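Here's a quick walk through a protein model and its ligands. Take a look at it before reading on.

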Amino acid sequence: MFSHKTINAETLADADVLLVRSTTKVNQQLLANNKQLQFVATATAGTDHIDQNYLADQNIPFISAGGCNAVAVAEYVLSAMLVMGKRLNWQLADKTVGIVGAGHVGSALARVLTVLGIRHKLCDPPLADAGDEREFVTMNDIMQCDVITLHVPWVKDGPYPTQDLFNKTRLAALSDNQLLINACRGEVINNQAALELFEQGTSLNLVLDVWENEPSINLDLIPHTALATAHIAGHTIEGKARGTEMLYLALCKHLGIQADKKLSDYLPRAELNTIQINDKQDFWQILHKLVLNVYNIETDDQHFRANMHGAEQFRYIRKHYPIRREFSAITLNTGNFADSKAIYDIGFLAAK
Ligand SMILES: NC(=O)c1ccc[n+]([C@@H]2O[C@H](COP(=O)([O-])OP(=O)(O)OC[C@H]3O[C@@H](n4cnc5c(N)ncnc54)[C@H](O)[C@@H]3O)[C@@H](O)[C@H]2O)c1
Ligand SMILES: O=C(O)[C@H](O)[C@H](O)COP(=O)(O)O
């Protein structure tokens with residue numbers, strides 16, 4: 001096992017299989033001394049750290065763990081919306097959410113919003129052009145939404161680039177009645193442009209989990225953000241374990257061996273495993289309390305602001321991220337609460 005500090009062309013010279021996460025850049029330089037690699041995989045949804053063309057040229061099979069942390073990111077976005085909705089004095093039920101990128105994460109979020117009755121629109125030109133039958137809107141329509149949340153891969157060129165999707169023009173077009181959330185890749189928002197607009201007095205509501213040039217991010221941007229975290233939107237224990245399980249299954253298949261381990265055998269019981277609902281409160285109060293009980297983005301935000309002074313801290317915060325669970329780890333006693341179904345439909349478990 002290697003850390004980002006020790007993995008290099010020499011240490012990988014005799015590797016047969018390479019399993020990574022997002023901080024290891026897999027390219028010709030890293031694999032320069034290796035003549036025997038048979039399989040590469042990343043336990044992440046994003047693949048921008050992998051030179052897939054190089055692997056294909058070398059006939060090295062590659063897989064990623066698309067979808068492993070989609071639920072985690074959707075829960076992160078919901079927590080952000082609930083916290084920001086309260087700060088902005090919004091009724092979330094009256095707001096429209098624009099989801100850019102309708103893949104695993106965008107679709108998981110759309111499912112949650114559908115259950116909650118929150119209007120939402122999807123923008124995904126690659127899927128629309130490929131014949132996906134869902135209804136899609138343009139970026140111009142997305143720009144009118146109250147909440148805009150980004151779930152695209154980092155793509156530098158080609159027909160659907162996402163780098164700088166939110167350039168200075170788009171950022172300047174947003175009002176202080178809108179909320180922009182980036183939990184995909186930092187390079188999708190031009191951070192320097194955002195900083196310049198803030199310094200000119202814009203009051204954009206910006207939630208950033210991901211940053212340009214991680215881990216050496218632009219520290220000056222942090223105080224201007226409404227909520228800031230260290231690329232942990234997908235870091236539930238379930239999300240990480242699912243990614244590992246996907247790689248394990250793919251590697252077993254590649255090696256022709258029987259997989260005999262299951263993710264469910266390894267997940268610990270949640271510390272806070274049962275919540276009792278007070279059915280005198282209204283649905284949105286209960287939802288707010290439940291979601292923030294399981295994942296309160298403000299806790300991560302405060303920790304980030306207090307400790308984030310440079311690249312080493314960025315890495316440290318991510319590496320030492322506390323155990324975070326998904327709603328599905330928590331059993332609820334909803335008593336006579338009339339809207340229990342919606343709560344279960346966003347992932348919580350019903351007590352037997
Ligand atoms: N912050 C985190 O912890 C975290 C966790 C998971 C994923 N991510 C990032 O989020 C991205 C999305 O994750 P996913 O699992 O949903 O990936 P995915 O591949 O399932 O979905 C991405 C979607 O974006 C669409 N897309 C591509 N270019 C687009 C464009 N120009 N405009 C609109 N849509 C476009 C694709 O067609 C696809 O449907 C990943 O690539 C990764 O970089 C971050
Ligand atoms: O792409 C992904 O899946 C996420 O960004 C993921 O959370 C990255 O996590 P890391 O590999 O950096 O721990």
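The notes below cover the ligand shells, the sheet and the cores.

## Ground rules

This is a predicted model, where local features need pLDDT of at least 70, side-chain atom pairs count only at pLDDT 80 or more, and totals for chains, interfaces and linings use all residues. Residues are numbered from 1 along each chain as written, with chains lettered from A and ligands numbered from 1 in the order written.

## Around the ligands

Ligand 1 has 34 residues around it, the closest being G46, G101, G103, P153 and G234 (near means a C-beta atom, placed from the backbone, within 6 Å). Helices α2 (70–87), α3 (104–116) and α4 (125–129) each give two or more residues to that shell (helices are DSSP runs of H or I, at least four residues; strands are E runs of at least two).

For ligand 2, the surrounding residues are R21, S22, T23, T44, A45, G46, N69, G234 and H235.

## The sheet

Six strands make an open sheet with parallel pairing, in the order β5-β4-β6-β7-β8-β9 (pairing takes at least two DSSP bridges).

## The cores

The largest nonpolar core has 66 residues (buried Ala, Val, Leu, Ile, Met, Phe, Trp, Tyr and Cys joined through C-beta atoms within 7 Å; buried means 20 or more other C-beta atoms within 10 Å of a residue's own). Its largest share, twelve residues, comes from α2. Domain 2 (69–228) and domain 3 (269–350) both contribute, so this core lies between them (bounds come from an automatic or database domain assignment).

Notes. A residue is buried if 20 or more other C-beta atoms lie within 10 Å of its own, exposed if 12 or fewer, and partly exposed in between; C-beta atoms are placed from the backbone.
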